[in-house]
Amino acid sequence: MTGKERDRRITDLGTLKALAHPLRAQLYRLLYVARTATASQLAEQVDEAVSLVSYHLRKLADHGLIEEADPRSEDGRERWWQPASEGVSIHDEDFQDAPEKVAAHTAASRLFYEQRSELYRRHLDERPHWGAEWNSASVDSEYLVRLTAPELSELSDQVHALLKKYTEKGRAADAAGDTEGRENVALHLYGFPFRV
């Protein structure tokens, strides 16, 4: 993704709604992991018709979330896709100036949470097949700490910087052909205030 923006901050309602469609969110996640793919390849993974997947990929492209990639095969009929940035971010403050925006942001956040939860549930079901090394390395932790809002923001920035370091390390290893023992890893992190 040389020359692409590092992280696309979604600030408009149309783009948020485009990504917050269940199948589109799933396709974006799969494409992010694969880095490039065709509609046929993605359709196999989501068990949907290629025409439906192509339609939703075009919708994501219309909002600049994905873009056409250089062809990876000699079949010129195949259209290859890639994320248009290194990732996306959605911030609460960008959707607080109108009730419709608040509702859309909340609905999108719930969808993303449900999809992440399903991914973790699937991991729990498949855990016996991963073996001792991966099960020992996997984390499932909850920390209940007392922080101020600025401290939570600082913690979030530090965690994001650390994850960026490991993301770049993994991509560099893949590019160098060092793929032995390397798997896709999902790390879900939530930090929010609550009262008891």
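**Exercise 1.** In which loop does D47 lie? Work out its backbone and its exposure too.

*Solution.* Keep in mind that this is a predicted model.
- Step 1: D47 sits in the loop that runs between α3 (39–46) and α4 (50–62).
- Step 2: check the backbone. Most residues other than glycine have a negative phi.
- Step 3: check the surface. The relative accessibility of D47 is 68%, and the cut-off for exposed is over 50%, so D47 counts as exposed.

**Exercise 2.** Find the loop that holds R35 and look at its phi.

*Solution.* 
- Step 1: R35 is found in the loop between α2 (22–34) and β2 (37–38).
- Step 2: its phi is positive, about 75 degrees, and R35 is not a glycine either.

**Exercise 3.** How do α2 and α3 pack, and which residues make the contact?

*Solution.* 
- Step 1: start with the geometry. The two axes lie 11 Å apart, and the packing angle of α2 and α3 is about 115 degrees.
- Step 2: get the hand. The α2 and α3 crossing is right-handed.
- Step 3: list the residues. From α2 come L23, Q26, L27, L30 and L31, while α3 brings L42, Q45 and V46.

**Exercise 4.** Is G64 buried, partly exposed or exposed, and what does it touch?

*Solution.* 
- Step 1: G64 belongs to the loop between α4 and β3 (66–68).
- Step 2: G64 has a relative accessible area of 31%, so it is partly exposed.
- Step 3: skip residues up to four places away in sequence, and G64 touches R8 and A84.
- Step 4: G64 and S85 are 21 residues apart along the chain, and their C-alpha atoms are 8.9 Å apart.

**Exercise 5.** Is H105 buried or exposed, and which residues is H105 in contact with?

*Solution.* 
- Step 1: H105 is part of helix α5 (residues 99–130).
- Step 2: the relative accessible area of H105 is 11%. Buried means under 20%, so H105 is buried.
- Step 3: leave aside neighbours within four places in sequence. The contacts of H105 are then L16, I90, H91, D92 and F95.

**Exercise 6.** Which residues make the nonpolar surface patch of about 770 Å², and where is L144?

*Solution.* 
- Step 1: the patch is made by Y113, L144, Y190, F192, F194 and V196.
- Step 2: zoom in on L144, which lies in the loop between α6 (132–137) and α7 (149–175).
- Step 3: L144 counts as exposed because its relative accessibility is 60%.

Key:
Residues are numbered from 1 along each chain as its sequence is written. This is a predicted model: local features need pLDDT of at least 70, side-chain atom pairs count only at pLDDT 80 or more; totals for chains, interfaces and linings use all residues. Side-chain values use heavy atoms; hydrogens and water are left out. Helices (H or I, at least four residues) and strands (E, at least two) are DSSP runs, numbered from the N terminus. Buried means under 20% relative accessible area, exposed over 50%, partly exposed in between (1.4 Å probe, protein chains only). Contact means heavy atoms within 4.5 Å. Patches are made of residues with over 30% relative accessible area and no salt bridge: like charges are joined within 9 Å, nonpolar side chains (Val, Leu, Ile, Met, Phe, Trp, Tyr) within 5 Å. Accessible areas come from the Shrake-Rupley method with a 1.4 Å probe; for residues, only the protein chains shown count as cover. A salt bridge is a side-chain nitrogen of Lys or Arg within 4 Å of a carboxyl oxygen of Asp or Glu. Axes are lines fitted to C-alpha atoms, for helices over the stretch in contact, and angles run from 0 to 180 degrees between N-to-C directions. A crossing is left-handed if the near helix is turned anticlockwise from the far one by less than a right angle, and right-handed if clockwise.
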